[in-house]
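Please read the following briefing with the model open beside you.

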Amino acid sequence: MTHIKVTVDGTRYEDEVEPRLLLAHYLRDRLGLTGTPIGCDTSNCGACTVDLDGATVKSCSVLAVQADGSTVTTVQGLAVDGEWTALQRAFHERHGLQCGYCTPGMIMAARDLLRENPHPSSDEVRQALEGNLCRCTGYQNIVRAVLAAAGQPDGQQDGRQPAAGRPVGEEVTA
């Protein structure tokens with residue numbers, strides 16, 4: 001067992017953990033923070049994305065002992081006094097979720113993007129979220145939600161006008 005000290009969503013924890021315990025399992029099983037889902041255990045899906053000392057990481061690819069001395073923010077730690085952030089509200093208002101399983105990871109990755117680039121283009125949003133998989137939304141509403149959180153109206157991203165009655169970047173399906 002290894003002794004760790006970690007601050008998660010503003011609360012400091014000290015624990016004894018097995019050296020092979022993944023951060024995702026520590027958050028969920030030890031701390032009860034089930035808002036960080038485990039989708040794949042292989043870092044392919046991004047559902048378990050969290051902020052670790054200011055950088056987004058897939059918590060299924062980080063050992064809990066690697067977080068010793070660090071600050072972790074999960075999607076559950078974003079709201080302040082029960083008030084959602086603009087990004088969380090945008091996901092809700094723009095229907096940037098369907099089943100919701102990928103949503104915590106999408107929000108955490110989008111949060112990182114908006115810290116680095118407060119006014120991204122739709123292509124930049126898509127590139128920033130490419131490590132996060134969604135199996136049910138088609139991504140368009142997720143992109144719209146991130147753009148809305150950045151203060152950009154739908155269909156006007158990148159300064160271009162919508163083409164043929166559909167927003168720029170919307171996927172066409174047969």
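The points below are grouped by topic, beginning with the chain as a whole.

This is a predicted model, in which local features need pLDDT of at least 70 and side-chain atom pairs count only at pLDDT 80 or more, while totals for chains, interfaces and linings use all residues. Residues are numbered from 1 along each chain as its sequence is written, and side-chain values use heavy atoms, with hydrogens and water left out.

**The whole chain**

- The secondary structure of the protein chain comes to five helices and five strands, where helices (H or I, at least four residues) and strands (E, at least two) are DSSP runs numbered from the N terminus.
- Read from the N terminus on, the elements of the protein chain follow the order β-β-α-β-β-β-α-α-α-α.
- Of the 174 residues in the protein chain, 41% are buried; here buried means under 20% relative accessible area, exposed means over 50%, and partly exposed lies in between (1.4 Å probe, protein chains only).
- Among contacts in the protein chain with a separation of 6 or more, 54% are between residues 24 or more positions apart, a contact being heavy atoms within 4.5 Å.

- Helix α3 covers residues 103-116, and at 1.5 Å a residue its 14 residues should span 20 Å, which agrees with the 20 Å between its end C-alpha atoms; the expected span is 1.5 Å times one less than the number of residues.
- Because 11 of the 14 residues of α3 are buried, this helix is largely enclosed by the rest of the structure.
- The buried residues of α3 include Gly105, Met108, Ala109 and Asp112, and the buried residues of this helix pack against the strands β3 (49-52), β4 (55-58) and β5 (71-73) as well as the helices α2 (86-93), α4 (122-128) and α5 (140-149).

**How α3 crosses α2**

- The axes of α2 and α3 come within 10 Å and cross at roughly 130°; axes are lines fitted to C-alpha atoms, for helices over the stretch in contact, and angles run from 0 to 180 degrees between N-to-C directions.
- The two helices α2 and α3 are therefore oblique to each other, since angles under 35 degrees count as roughly parallel, over 145 as roughly antiparallel, 65 to 115 as roughly perpendicular and the rest as oblique.
- The crossing of α2 and α3 is right-handed, a term used if the near helix is turned clockwise from the far one by less than a right angle, whereas anticlockwise is left-handed.
- On the α2 side the contact is made by Leu87, Gln88 and Phe91, and on the α3 side by Thr103, Met106, Ile107, Ala110, Arg111 and Leu114.
- By class, this contact of α2 with α3 has six nonpolar, two polar and one charged residues, where Ala, Val, Leu, Ile, Met, Phe, Trp, Tyr, Cys and Pro count as nonpolar, Asp, Glu, Lys and Arg as charged, and the others, Gly among them, as polar.
- Gln88 lies in helix α2 and, at 10% relative accessibility, counts as buried; not counting residues up to four places away in sequence, Gln88 touches Val75, Leu78, Ala79 and Ile107.

**How α3 crosses α5**

- The axes of α3 and α5 come within 11 Å and cross at roughly 40°, and these helices are therefore oblique to each other.
- The crossing of α3 and α5 is right-handed, and the contact is made by Met106, Ala110, Leu113 and Leu114 of α3 with Ile142, Val146 and Ala149 of α5.
- The residues in the contact of α3 with α5 divide into seven nonpolar, no polar and no charged.

- In helix α1 (residues 23-30), the residues Leu23, Ala24, Tyr26 and Leu27 are buried, and what covers the buried residues of α1 includes β1 (2-8), β2 (11-17), β3 and β5.
- Leu31 is found in the loop between α1 and β3 and is buried, with a relative accessible area of 16%.
- Not counting residues up to four places away in sequence, Leu31 touches Val8, Tyr13, Asp15 and Tyr26; the C-alpha atoms of Leu31 and Val8 are separated by 9.0 Å, although these residues are 23 residues apart along the chain.
- Just after α1, Gly32 takes a positive phi of about 75°.

- Ser43, in the loop between α1 and β3, has a phi near 65°, a positive value in a residue other than glycine, and is partly exposed, with a relative accessible area of 25%.
- His95, in the loop between α2 and α3, has a positive phi near 55° and is a residue other than glycine; His95 is exposed, with a relative accessible area of 56%.
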